[in-house]
Amino acid sequence: MKLNPTVIRRLREARHWSQEQLAAAAGLSLRTVQRVETEGAASRETRVCLAAALDTDVSAIMEGGPGPTAAVRWNPWMLPVLAGVLAFAAGTTLGAPRIVDYGAIVLVSIGVLGYSLRK
C-alpha cells in the first residue's frame, strides 16, 4: 500500500523537522524517509513507525486516506459559548441566583447560532 508523500512532507514540515530528524524519531534510515517522500512506497513496519513519529493514525498518511485532522482554529462564535459555559460553571459552583444560569444559556445559544450562520 502506498503512502501519501505530500501528507508525510506536510506533517514533517509542520514540526519543523528535517528528513534526518524524522528518520531518527521514527527509527528509520534517511534513505527510507527520502523514498517515502518521493515515491510513497513503504512497508507495513515503515508506515507504523512514521505514523507513530508524526503522532497520527496510519490511515491519515495513506494515499486516498482521510488525511490529517486539521487543528481547531479560534472563531468568533466560540467566545459566547466559552463565556456561557464559564458563567454556568461559576454560577453553579458559587450558588449564584438562577438568573446567572439563564444568562449562560443565552450566551451559549448566541454562540451556537453564530456557528450555524457562519459561511
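**Ground rules**

I number residues from 1 along each chain as its sequence is written, and I use heavy atoms for side-chain values, with hydrogens and water left out. As the model is predicted, local features need pLDDT of at least 70 and side-chain atom pairs count only at pLDDT 80 or more, while totals for chains, interfaces and linings use all residues.

**Entry 1: overall make-up**

I looked up the secondary structure and found seven helices and zero strands in the protein chain. Helices (H or I, at least four residues) and strands (E, at least two) are DSSP runs, numbered from the N terminus. Along the sequence the pattern reads α-α-α-α-α-α-α.

I then checked burial: 28% of the 119 residues in the protein chain are buried. Buried means under 20% relative accessible area, exposed over 50%, and partly exposed in between, with a 1.4 Å probe and protein chains only. I also noted the contacts with a separation of 6 or more, of which 58% join residues 24 or more positions apart. Contact means heavy atoms within 4.5 Å.

**Entry 2: the core**

I looked up the largest nonpolar core, which has 17 residues. Such a core is a set of buried Ala, Val, Leu, Ile, Met, Phe, Trp, Tyr and Cys residues joined through side-chain atoms within 4.5 Å. Leu3, Ile8, Leu22, Val36, Leu50 and Ile61 have the most contacts inside this core. Two or more residues each come from helix 1 (5-14), helix 2 (19-26), helix 3 (30-39) and helix 4 (44-53).

I followed Ile8 further. Leaving out residues up to four places away in sequence, Ile8 touches Leu3, Leu22, Val36, Glu37, Leu50, Leu54 and Ile61.

Axes are lines fitted to C-alpha atoms, for helices over the stretch in contact, and angles run from 0 to 180 degrees between N-to-C directions. Angles under 35 degrees count as roughly parallel, over 145 as roughly antiparallel, 65 to 115 as roughly perpendicular and the rest as oblique. I noted the crossing of helix 2 and helix 3 as right-handed. A crossing is right-handed if the near helix is turned clockwise from the far one by less than a right angle, and left-handed if anticlockwise.

Helix 2 brings Gln19, Glu20, Leu22 and Ala23 to this contact, and helix 3 brings Leu30, Val33, Gln34 and Glu37. I sorted the residues of the contact of helix 2 with helix 3 into four nonpolar, two polar and two charged. Ala, Val, Leu, Ile, Met, Phe, Trp, Tyr, Cys and Pro count as nonpolar, Asp, Glu, Lys and Arg as charged, and the others, Gly among them, as polar.

Next I took helix 2 and helix 4, which pack at an angle of about 105 degrees with their axes 8 Å apart. Helix 2 and helix 4 are therefore roughly perpendicular too. Leu22, Ala25 and Ala26 of helix 2 meet Cys49, Leu50 and Ala53 of helix 4.

**Entry 3: helix 6 against helix 7**

I found the axes of helix 6 (residues 78-94) and helix 7 (residues 98-117) within 7 Å, crossing at roughly 160 degrees. Helix 6 is therefore roughly antiparallel to helix 7. The crossing of helix 6 and helix 7 is left-handed. Among the residues in contact are Pro80, Val81, Phe88 and Gly91 of helix 6, and Val100, Asp101, Leu107 and Ile110 of helix 7. By class, the contact of helix 6 with helix 7 has 12 nonpolar, four polar and one charged.

**Entry 4: single residues**

I looked up Arg12, which sits in helix 1 and counts as buried at 8% relative accessibility. Beyond four places in sequence, Arg12 touches Trp17, Ser18, Gln19, Leu22, Glu37 and Leu54.

Gln19 is in helix 2 and is partly exposed at 22% relative accessibility. I noted Gln19 and Val33 as 14 residues apart in sequence and 6.5 Å apart in space, C-alpha to C-alpha.

Last, I checked phi. Most residues other than glycine have a negative phi. His16 has a positive phi of about 60 degrees; His16 lies in the loop between helix 1 and helix 2 and is exposed at 71% relative accessible area. Asp55 has a positive phi of about 55 degrees; Asp55 is in the loop between helix 4 and helix 5 (58-61) and is exposed at 66% relative accessibility.
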